Amino acid sequence: QVQLVESGGGLVQAGGSLRLSCAASGSIFRIAGMGWYRQAPGKQRELVATITSGGSTKYSDSVKGRFTISRDNAKNTVYVQMNSLKPEDTAVYYCNAFVMVTASSAYLALWGQGTLVTVSS
């Protein structure tokens, strides 16, 4: 069984920084795209950033220039460095990964359990 486990959330003041990590564990043959999404209270889940296995990245306009996504393929881990945090960044952050468990299986879309980021003004 493959699972994604996030860490690094917490409370930070506006202008501060946090780094979130998400590690995939279990029987893994290959991981394709990985990413971070967030869901604020009363709002729909939205894209934060994604990264391909080759390192190509994409960001939402709201975090571009402040957040940096990266991954360590050897550790099956994706990170997001969040700088210049704003109160509107407050949300539960979820990681996502497309995982192939064997050479002949299809990719599975997996989600982590979420980690809360709270930015105080």
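This briefing walks through the sheet, the core, the salt bridges and a few single residues of the structure above.

The model is a predicted one. An open sheet of 4 strands runs in the order S1-S3-S8-S7. The largest nonpolar core holds 30 residues. The whole structure contains 4 salt bridges.

**The open sheet**

- The strands of this sheet pair in the antiparallel sense, in the order S1-S3-S8-S7.
- Strand S1 (3–7) and S7 are the edge strands, and each of them pairs on one side only.
- From one strand to the next, the twist averages 15°.
- Strands of a sheet can be parallel or antiparallel, and they pair through backbone hydrogen bonds.
- S3 and S8 are joined by 6 bridges, with antiparallel pairing.
- Leu18 has Met82, in S8, as its bridge partner.

**The nonpolar core**

- Of the 30 residues in the largest nonpolar core, Trp36, Phe67, Val78, Met82 and Tyr93 have the most contacts inside it.
- Strand S3 (18–25), strand S4 (30–39), strand S5 (46–51), S7, S8, S9 and strand S11 (115–120) each supply at least two residues of this core.
- S9 gives the most, with 5 residues.
- Met82 is one of the residues with the most contacts inside the core.
- Leaving aside neighbours within four places in sequence, Met82 is in contact with Gly16, Ser17, Leu18, Leu20, Arg66, Phe67, Tyr93 and Val117.

**Salt bridges**

- A search of the whole structure finds 4 salt bridges.
- Glu46 pairs with Arg38 in a salt bridge, and their closest N and O atoms are 2.7 Å apart.
- Glu46 counts as partly exposed because its relative accessibility is 36%, which is between the limits of 20% and 50%.
- Arg38 is buried because its relative accessible area, 6%, is under 20%.
- Arg66 forms a salt bridge with Asp89, with the closest N and O atoms 2.7 Å apart.
- Arg66 lies in the loop between strand S6 (57–59) and S7, and Asp89 in the loop between S8 and S9, so this pair ties together parts that are 23 residues apart in sequence.
- Arg66 and Asp89 are both buried.
- Arg38, Glu46, Arg66 and Asp89 are linked in a network of salt bridges.
- Lys64 forms a salt bridge with Asp61, where the closest N and O atoms are 3.2 Å apart.
- Both Lys64 and Asp61 are exposed.

- Asn96 is found in strand S9 (residues 91–100).
- Asn96 is buried because its relative accessible area is 6%, under the 20% limit.
- A polar atom of the Asn96 side chain lies 3.2 Å from the backbone oxygen of Leu110.
- Beyond its neighbours within four places in sequence, Asn96 is in contact with Leu4, Gly33, Met34, Gly35, Tyr37, Leu110 and Trp111.
- Thr115 is found in strand S11.
- Thr115 is buried because its relative accessible area is 11%, under 20%.
- A polar atom of the Thr115 side chain lies 3.3 Å from the backbone nitrogen of Gly9.
- Not counting residues up to four places away in sequence, Thr115 touches Glu6, Gly9, Leu20, Ala91, Val92 and Tyr93.
- Tyr93, touched by Thr115, is among the residues with the most contacts inside the largest nonpolar core.

**Positive phi in loops**

- Asn76 is not a glycine, yet its phi is positive, near 50°.
- Asn76 sits in the loop between strand S7 (67–72) and strand S8 (77–82).
- With 23% relative accessibility, Asn76 counts as partly exposed.
- Ser84 is not a glycine either, and its phi is positive, at about 50°.
- Ser84 is placed in the loop between S8 and S9.
- With a relative accessible area of 41%, Ser84 is partly exposed.

How values were computed
Residues numbered from 1 in each chain as written. Predicted model: local features only at pLDDT ≥ 70, side-chain atom pairs only at ≥ 80, totals over all residues. Heavy atoms only, no water. Buried < 20%, exposed > 50% of the residue type's maximum accessible area, 1.4 Å probe, protein only. Polar contact = N/O pair within 3.5 Å; in protein donor to acceptor, adjacent residues only side chain to side chain. Contact = heavy atoms within 4.5 Å. Core = buried A, V, L, I, M, F, W, Y, C linked by side-chain atoms within 4.5 Å. Salt bridge = Lys/Arg side-chain N within 4 Å of Asp/Glu carboxyl O. Pairing = 2+ DSSP bridges. Axes fitted to C-alpha atoms, helices over the stretch in contact; angles between N-to-C directions.
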